[in-house]
Structures are given as structure tokens and as C-alpha cells.
Amino acid sequence: MKLEDKLFLDQYKVDSEPHLKIKIPDVCLECEHKQCTWVCPAGVYKWDEDSKKIIVGWENCMEMGACVVACNEYDNIEMHYPKGGYGISYKFG
Amino acid sequence: MSDKFDVIIVGAGPSGSAAALTLAKAGLSVVVFERGEYPGAKNMFGGVLYTPILNRLVPNFWEEAPIERHITKRRFGLLSEGSEAAFEYRCEDFNTSPPYNQSFSALRAQFDPWLAKKAEEAGAMIIPETVVDDLIWKDGKVCGVKARREGGEVEADVVIAADGVNSFLAKKSGLRKAFTWNVLAVAAKEVIALPRETIEDRFSLEGDEGVAMEFFGDAVAGMVGAGFIYTNKETLSVGVACTINAFIDKKIVPNDLLERFKAHPSIRRLIRKGETLEYSGHMIPEGGYNQVPEIITDGLVLVGDAAHLVNASFYHEGTNLAMASGLYAAETIIEAKEKGDFSQKGLQGYRTKLEESFVLKDIKKYRLVESWANKNPKFFKEYPDLALDLLKDYFTISEKPKETIQKELTKKFRSKIKLLRTMVELNQFRKTFFSS
């Protein structure tokens, strides 16, 4: 089953502002393995070869925080929680 | 909202609600802030719930709690590509009458709201849809929180940080230990619907009994971690959990690992024709005793995942420890209120209660698990593959005389294993999981 189809099953209330941010995009150029792209179950982080940037699909975020830990060498991901009641809401969990 | 409460709790998961329920029953004024739309909205686990503490919090909980199946069977499967060796244990004594073996499959978005409701009925105020961003300090002591809402500065004698594995409050208080890749696991899970009869027939279950299955080796591509299937009434919880460094080293994303697990011949038969209802992810604090931080400071205690209280051995126990920590924190605060001392010293009884109970005794007992797992990748890939390869040779029927097969097996075993070294490794395994 494709990730997009799975994420479509989940219930999100999308906040108007992103709760995830790459602090300094240029720092990602130094990062060899792009660890943030390997640890996220929702595939929030994607390396875009054209723009040489990490694209952050924060709308799909499950708020688990692994990205921040994966980036601890550069400490370049800023995460705070979405507004109360926004973000993902599990029905089963 | 009243200006000051006895206790503010941040997070209405099992630890927060256990604390709220205990405090409210003792007559203390309690407010619980929960950032989800409802308690449990942000939570997921494997999941099997162990219930000795829950039964103290809510006696005869099984008569009303939204739990799924009582676990009578445990199964550990070792997978290689295309084959499986398994160990299964079932006990009819676990099937007689509630609370059975104090272990139940459950779904957190259904269980957590129920426990929060019990706290509310006891007098705690539960405020959902509210993020707490920071602590309020006065004279070096925590005396409240800043909630992200109008008039969000609320004061209390004590704040309980029950805000989960990421605990931004533990971080802001300076208590949280640094996170490294090997002390946290990433879990991805699907809830898969199947008719009740299909689940019972397929897993050989009667009535509401259930099975907890864990799979190692090729189940998770030889990474440090495991795959799992837990039976609910009309769904299966199917997932994988591996350390962060395992995903980074292997360069595989959690969803691909989960799909790979689901496609294994031993797994796909168990989930076939199932319909996925939900996909979820969470981080598990698996660092063990060395990663448990200081959990008390003046006016603040950490409970549950925020305190890194998970037993990551074969028991995979978190929610029971979370509820225990909430209960002990609450009991300590009730005592502290009598003395009017909410300083670190006045709250020290919380740590003592954890140390003297199964909570920190168990976490201490298994303190080597995290470092063992990260230093012994062979146990997750090389050894399972070899064991299954030898089993295949042993069971393969041909015209070859059995004596020849045995000789070839011995030869293969000797060529792959350095006996002395493996003995040392097995002894370390024994020490890590089974020594007293």
C-alpha cells in the first residue's frame, strides 16, 4: 500500500501555519546522508535535487519528533506542536 | 478558570490521567491540559496494555474499559527471507476469568479518553485542544505553566509533565537527557480490519482471547527492532519498530519497512483480505535505566514517557509503567501537600516509590538491553539467517542419507560460527535478559 493512500485514511486538521521548519536551508547542503528523510513514517521530508533543499510536507506530520533527533548533529529542524486540537487525530491509535 | 490549582498536569495519556484520577480522588484541585482534540488523539502504541496498576486505579476496570482482547498466547517468530521458526506459549489459566493475565490488547484513541473521563468524574478538570508551551518559574521553582490560549498563565503548587516522549517541558526544565539515535525507536503501525470470526479462526482463538506476536530478523530487514501483530476484536494492530540509527544505517523508511514486513510469506497470510483503517507513527523511549533523567525538581515531576519509563525487553512494557508513575507521583504530591513542601526534597518520595517498585527495578534489571542490542547486530541478522538456513537443511527431504545431511550441517555451522566468540556472545545475551 502506498504511503499517500495510507495518509489519506488518517484524520488531520491542518493548522494555518507550519509547525516544522528547517532553520537554515543552506545547512542541509553540508548534510551528507539527509537523515531526516529516512526516519519519518509520514515521509514529511524530501530532498529536492533541483532546488537543493529539503521540502517539508508538514501537513502530513504525525508529531512524533524523530526528525529532530535524526538531525541532532546539525540541530537544523525546529519543531513545536500545532495549535491545540490541530494536526493528526487518531481514531484507533 | 481559578487562578491557582494544587496540581497542573500536562498531557492526558495514561500517566497524566492516572495522576489526575488519584489526586482528584484525594480532594486536590487538578487541571489537565491536553493538546489533542480529545485525550488519546495523539497517542498510539503496539499495543498490549498490562493492567496491575489500572486495576488499582479503577477496580474491575474490565467491566467498563474499552479494551479489546485478553492475551492468552505469546508468540516470538524468527524470520529469514521466506522462512520462519517460532516459539509460542499459550496458557488456559490466562483464559479463565478477569483480569485474566492482566494483559489486554487495546487501541489508545479509545482507551485514553475513557481513563481521562474517570479522572474527570473524580473531579479533575480536563481541558483538551490546549498546548502548553512553557513553564512559569518563580525564585528558581516551577509554579505554573503557560498554555497557548487566552489567559493561559496558570499557577499550581506542582506541575506534572506527562507530555510524552518528546516532553518539551522536561527539555525546558533542563531535566531531559540528550537524545541519541540508539535510545529511541520509531514505530509505524496499521490498524487492519477483519471480521471477528476470521481473526478467531486464523489465530486459533476462542471468544475474546487474543494473541501477541513479535517477529525478529528478516521481519525488520535484520535491523535492531521487531515487527508485531496484536489481535483486537475486529482489527489487527500490525507494525514495525526499530531504532532511529537502524533506519538511517539501512536507508529504509518506516513505511517501506512495514510494507516489506506485511509482504513476508509468514505475515501476509495472517493479514490477507484485511482492510487498513488507519496508519500511525510514534517514537518509543527505549534507552532504559541509563536514559532515565532526574525526574524531580522544585515544583515539577516527570512521569511516563516524559521520564523515559519503558521496559524495552521482551515484555515491551510502557503504559503500565506510565500509569504506575502517575499514581506514585500523585501519592507523593498528596503527602507533600500535608507538609506544605513541594521542593525537590519534599517530592523525593516519588523517586523512592519508583525505585522500590517494579517500575525502576525492572528498568534497572534490563539496563543493558539498549547497549547490547546496538553492539550485537549479529543477533538481528546473521544469527537468525544462519539458524533458519540450518533448519531448512535439516528438514529438506531428499535421497541424501540423513548422516550426510548431519555432517554437512555440522560443517556449515562450524564454518559460520567461531565457537568461543559465540559462547561469549550468548553469555552476554543471557546476562542482559535473564540474569538476576
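Between domain 2 of chain B and domain 3 of chain B there is one residue pair in polar contact, with both residues at pLDDT 80 or more; a polar contact is a pair of N or O atoms within 3.5 Å, where within protein one must be able to donate a hydrogen and the other to accept it, and where residues adjacent in sequence count only if both atoms are side-chain atoms. The number of salt bridges between domain 2 of chain B and domain 3 of chain B is zero, a salt bridge being a side-chain nitrogen of Lys or Arg within 4 Å of a carboxyl oxygen of Asp or Glu. On the side of domain 2 of chain B that touches domain 3 of chain B, three residues are nonpolar, six are polar and none is charged; here Ala, Val, Leu, Ile, Met, Phe, Trp, Tyr, Cys and Pro count as nonpolar, Asp, Glu, Lys and Arg as charged, and the others, Gly among them, as polar.

This is a predicted model, in which local features need pLDDT of at least 70 and side-chain atom pairs count only at pLDDT 80 or more, while totals for chains, interfaces and linings use all residues. Residues are numbered from 1 along each chain as its sequence is written, chains are lettered from A and ligands numbered from 1 in the order in which they are written, and side-chain values use heavy atoms, with hydrogens and water left out.

The two domains belong to a chain divided into domain 1 (4-66 + 107-179 + 290-365), domain 2 (182-285) and domain 3 (371-434), with bounds that come from an automatic or database domain assignment. The centres of domain 2 of chain B and domain 3 of chain B, taken over C-alpha atoms, are 26 Å apart, and nine residues of domain 2 of chain B are in contact (heavy atoms within 4.5 Å) with five residues of domain 3 of chain B. Together these two domains of chain B bury about 550 Å², 59% of it on carbon and sulfur atoms, where buried area is the accessible area (1.4 Å probe) that two parts lose on being put together, summed over both. B:Gly217, B:Gly222 and B:Val224 supply 59% of the area that domain 2 of chain B buries against domain 3 of chain B, more than any other three residues.

Turning to the partner chain, the contact takes 38 residues from chain A and 49 residues from chain B, and the area buried between the two chains is about 3,800 Å², with carbon and sulfur atoms giving 55%. A:Trp38, A:Tyr81 and A:Phe92 supply 22% of the area that chain A buries against chain B, more than any other three residues. Four salt bridges are counted between chain A and chain B; B:Lys42 forms a salt bridge with A:Glu63, the closest N and O atoms being 2.9 Å apart.

A cis peptide bond with omega of about 20° joins B:Gly46 and B:Gly47, and B:Gly47 is found in the loop between β2 (30-33) and β3 (48-50) of chain B. Another cis peptide bond, with omega of about 5°, joins B:Pro98 and B:Pro99.

Terms used
Helices (H or I, at least four residues) and strands (E, at least two) are DSSP runs, numbered from the N terminus.
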